[in-house]
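Work through the exercises below with the structure open. Try each task before you read its solution.

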Amino acid sequence: NSIYNCYLCYWLVIAIVSAVVSPASVADAYLIEPGMGLLQQLPEETPAKRSSSTATTRPLEIVIFEHTDVAGTGGLVLNCPTPLQLGNIAIPRFQMFEKLPLMLGCSLEEEEDEERTQAAVTTTTTVPVAEMSPWFWLHNIDNVSGSFPLTGAAGPLYMGGNLEEAAERLQSDNIDPKGRFKFFRKYKHWKPHQLEEELELGLWKLVPQ
């Protein structure tokens, strides 16, 4: 009987611990919506390390565009530009935005993509479409067809939409696209509940966007 009780207690403890640390319980602790921002929390450097370092490591700044229990979380890194501008890409619909930088969209750990980008820049002024064409864009222009609002943002923020229509709006209203549009090559992805677990570990901080 005592052996049975010990066995029962063992599995009861396992069940309680599993419930406490389960991904679902961690996920419930955070309200995450598309449009919210993430700021990477870097480890604290000692003064000696900081003075000996020749390069400054900047924390990643991310805007979330998708967050579901099925697909996980998608975010666009705002502060990792490539060496390219939109004018380097031979697609007519990007020409209105030719002076804007093409953002990588994910972290600079994607070294293979960065090396290919650098090679393209040093060998030609026009980059093959399949290599670096942007697949994602953010903007704050209202009523552009095909775009969808990121409702968790502090102000108007949209993803995607009809670029030709947006370009016409910018031209007719004499609006500078700088500061209104950002274009991205890739995005950063977390599996379901992975971001919440990383928030729990202190790797990221939710910030207004």
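A polar contact is a pair of N or O atoms within 3.5 Å; within protein, one must be able to donate a hydrogen and the other to accept it. Keep in mind that this is a predicted model.

**Exercise 1. The start and end of α6**

Task: Find which residue has a side-chain oxygen that reaches the backbone nitrogen of E164 at the start of α6. Then find the residue with positive phi that follows the helix.

Solution: 
- Step 1. Go to the start of α6. A side-chain oxygen of N162 comes to within 3.1 Å of the backbone nitrogen of E164.
- Step 2. Compare with the cut-off for a polar contact, which is 3.5 Å. The distance for N162 and E164, within 3.1 Å, meets it.
- Step 3. Go past the other end. N174 follows α6, and its phi is positive, near 55°.

**Exercise 2. The two faces of α6**

Task: Sort residues of α6 into buried and exposed. Why do the buried ones line one face?

Solution: 
- Step 1. Apply the cut-offs: buried is under 20% relative accessible area, exposed is over 50%.
- Step 2. L163, A166, A167 and L170 are buried.
- Step 3. Look down the helix axis. The buried residues fall within an arc of 100°, so they line one face of α6.
- Step 4. Turn to the face away from the buried side. Here α6 carries the exposed residues E168 and S172.
- Step 5. Ask what covers the buried residues. The cover includes β6 and β9.

**Exercise 3. The cores**

Task: Name the residues that touch the most other members of the largest nonpolar core. Which element gives the most to this core?

Solution: 
- Step 1. The largest nonpolar core has 17 residues. L86, F94, F97, L163, F181 and F183 touch the most other members.
- Step 2. Two or more residues come from each of α6 (163-172) and β9 (181-184).
- Step 3. α6 gives the most, with four residues.
- Step 4. Look for a second core. A separate one holds 14 residues, among them L38, V77, C80 and L104.

**Exercise 4. The open sheet**

Task: Trace the order of the six strands in the open sheet. Which strands stand at its edges?

Solution: 
- Step 1. The order is β4-β5-β9-β6-β8-β7, and the pairing is mixed.
- Step 2. β4 (81-85) and β7 (148-149) each have a single partner strand, so one side of each is left without a neighbour in the sheet. These two are the edges.
- Step 3. Zoom in on β6 (residues 136-139) and β9. Four bridges join these strands, which run antiparallel.

**Exercise 5. R180**

Task: Place R180 in the chain and list what it touches.

Solution: 
- Step 1. R180 sits in the loop between α6 and β9.
- Step 2. Its relative accessible area is 29%, so R180 is partly exposed.
- Step 3. Leaving out residues up to four places away in sequence, R180 touches L138, H139, N140, I141 and I175.
- Step 4. Take N140. It lies 40 residues from R180 along the chain, yet the C-alpha atoms are separated by 5.7 Å.
- Step 5. The side chains of R180 and N140 make a polar contact (2.6 Å).

Key: Residues numbered from 1 in each chain as written. Predicted model: local features only at pLDDT ≥ 70, side-chain atom pairs only at ≥ 80, totals over all residues. Heavy atoms only, no water. Core = buried A, V, L, I, M, F, W, Y, C linked by side-chain atoms within 4.5 Å. Buried < 20%, exposed > 50% of the residue type's maximum accessible area, 1.4 Å probe, protein only. Contact = heavy atoms within 4.5 Å. Pairing = 2+ DSSP bridges. Arc of directions from axis to C-beta.
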